[in-house]
Amino acid sequence: MKIEKVFENNQTWIAEKLAIDENYFTNLAKGQSPEFLYIGCSDSRVTAEDIMGVQPGDVFVHRNIANLVNNVDLSVMSVLNYAVRHLKVNHVVVCGHYNCGGVKAAMQPIDLGILNPWLRNIRDVYRWHKDELNAIEDLDARYNRLVELNVEEQVTNLIKTAAVQEAYRDRGLRVHGWVFDIASGKLIDLKIDFEKKLKEIMEIYNLSDSPM
Ligand SMILES: [Zn+2]
């Protein structure tokens with residue numbers, strides 16, 4: 001696709017929106033109050049709004065390689081804090097996807113430079129679930145299972161944060177783990193038991209009484 005086409009598309013999109021609602025953009029400019037924070041992979045095939053069928057203003061989005069929620073990543077932590085504490089989203093979603101290049105890269109025994117410390121997070125997930133994963137002989141199936149386990153681990157990482165714990169206590173915010181199956185287009189809810197996980201996590205990571 002040529003770069004000029006992008007601006008043509010933009011004009012078409014504006015016209016389509018205005019045809020339905022002449023105040024569409026003036027209303028959009030007034031502010032946002034999204035119900036969801038979506039944390040997904042940067043993969044070009046996994047576009048949050050498209051797979052969820054939502055519009056601008058509905059979802060606050062953060063994307064990085066392999067949808068990681070790392071405690072010392074200032075970017076994801078800033079997004080989380082802003083979305084949960086200021087925008088007051090009620091649902092936080094981690095959405096992984098099958099055929100994830102980031103997850104596959106983490107399984108390659110090679111030096112990937114600056115990606116090494118990033119992908120280390122996924123290698124750790126593999127190590128914690130080594131027995132289950134190594135028992136899966138089909139390599140693609142093993143990668144796919146690691147995609148699911150990685151999502152679950154990032155959900156756990158979210159629950160470890162003060163922002164999520166406080167928002168759960170104050171207004172019942174929930175965290176969800178999903179996987180997008182690129183080959184079918186299907187969005188799969190991993191049905192992670194949020195309250196059970198929260199209870200386990202709070203035993204050690206309880207931050208909800210902090211003065212913040
Ligand atoms: Zn990916």
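This is a predicted model: local features need pLDDT of at least 70, side-chain atom pairs count only at pLDDT 80 or more; totals for chains, interfaces and linings use all residues.
Colleague: Why is Cys41 called buried?

Modeller: Buried means under 20% relative accessible area. Cys41 has 5%, so it counts as buried. His97 has 0%, so it is buried as well.

Colleague: Now helix H4. How do you know what span to expect for H4?

Modeller: The expected span is 1.5 Å times one less than the number of residues. H4 (residues 74-86) has 13 residues, and 18 Å is expected. From first C-alpha to last, H4 reaches 17 Å, close to that value.

Colleague: Which residues of H4 are buried?

Modeller: Val76, Met77, Val79, Leu80, Ala83 and Val84. Seen down the helix axis, the buried residues fall within an arc of 160 degrees, so they line one face of H4. Leu74 and His86, on the other side, are exposed.

Colleague: What covers the buried residues of H4?

Modeller: The cover includes E1, strand E2 (59-64), E3, helix H8 (139-159) and helix H9 (162-171).

Colleague: What caps the N-terminal end of H4?

Modeller: Asp73 does. One of its side-chain oxygens lies 3.0 Å from the backbone nitrogen of Ser75. After H4 comes Lys88, with a positive phi near 60 degrees.

Colleague: How many salt bridges does a search of the whole structure find?

Modeller: It finds 11.

Colleague: What makes Asp140 and Lys104 a salt bridge?

Modeller: The cut-off is 4 Å between a side-chain nitrogen of Lys or Arg and a carboxyl oxygen of Asp or Glu. The closest N and O atoms of Asp140 and Lys104 are 3.8 Å apart, so the pair qualifies. This bridge links distant parts of the chain: Asp140 is in helix H8 and Lys104 in helix H5 (residues 101-106), 36 residues apart.

Colleague: Why is Asp140 called partly exposed?

Modeller: Partly exposed lies between buried, under 20%, and exposed, over 50%. Asp140 has 45%, so it falls in between. Lys104, at 28%, is partly exposed too.

Colleague: Where do Glu148 and Arg145 lie?

Modeller: Both lie in helix H8, three residues apart, about one turn of the helix. Glu148 is buried at 18%, whereas Arg145 is partly exposed at 23%.

Colleague: Which parts of the chain does the pair Lys197 and Glu152 link?

Modeller: Lys197 is in helix H10 and Glu152 in helix H8, 45 residues apart. Their salt bridge has its closest N and O atoms 3.4 Å apart. Lys197 is buried at 12%, while Glu152 is partly exposed at 30%. Elsewhere, salt bridges that share partners join Glu132, Arg145 and Glu148 into one network.

Key: Residues are numbered from 1 along each chain as its sequence is written. Side-chain values use heavy atoms; hydrogens and water are left out. Buried means under 20% relative accessible area, exposed over 50%, partly exposed in between (1.4 Å probe, protein chains only). Helices (H or I, at least four residues) and strands (E, at least two) are DSSP runs, numbered from the N terminus. The arc is that of the directions from the helix axis to the C-beta atoms. Contact means heavy atoms within 4.5 Å. A polar contact is a pair of N or O atoms within 3.5 Å; within protein, one must be able to donate a hydrogen and the other to accept it, and residues adjacent in sequence count only if both atoms are side-chain atoms.
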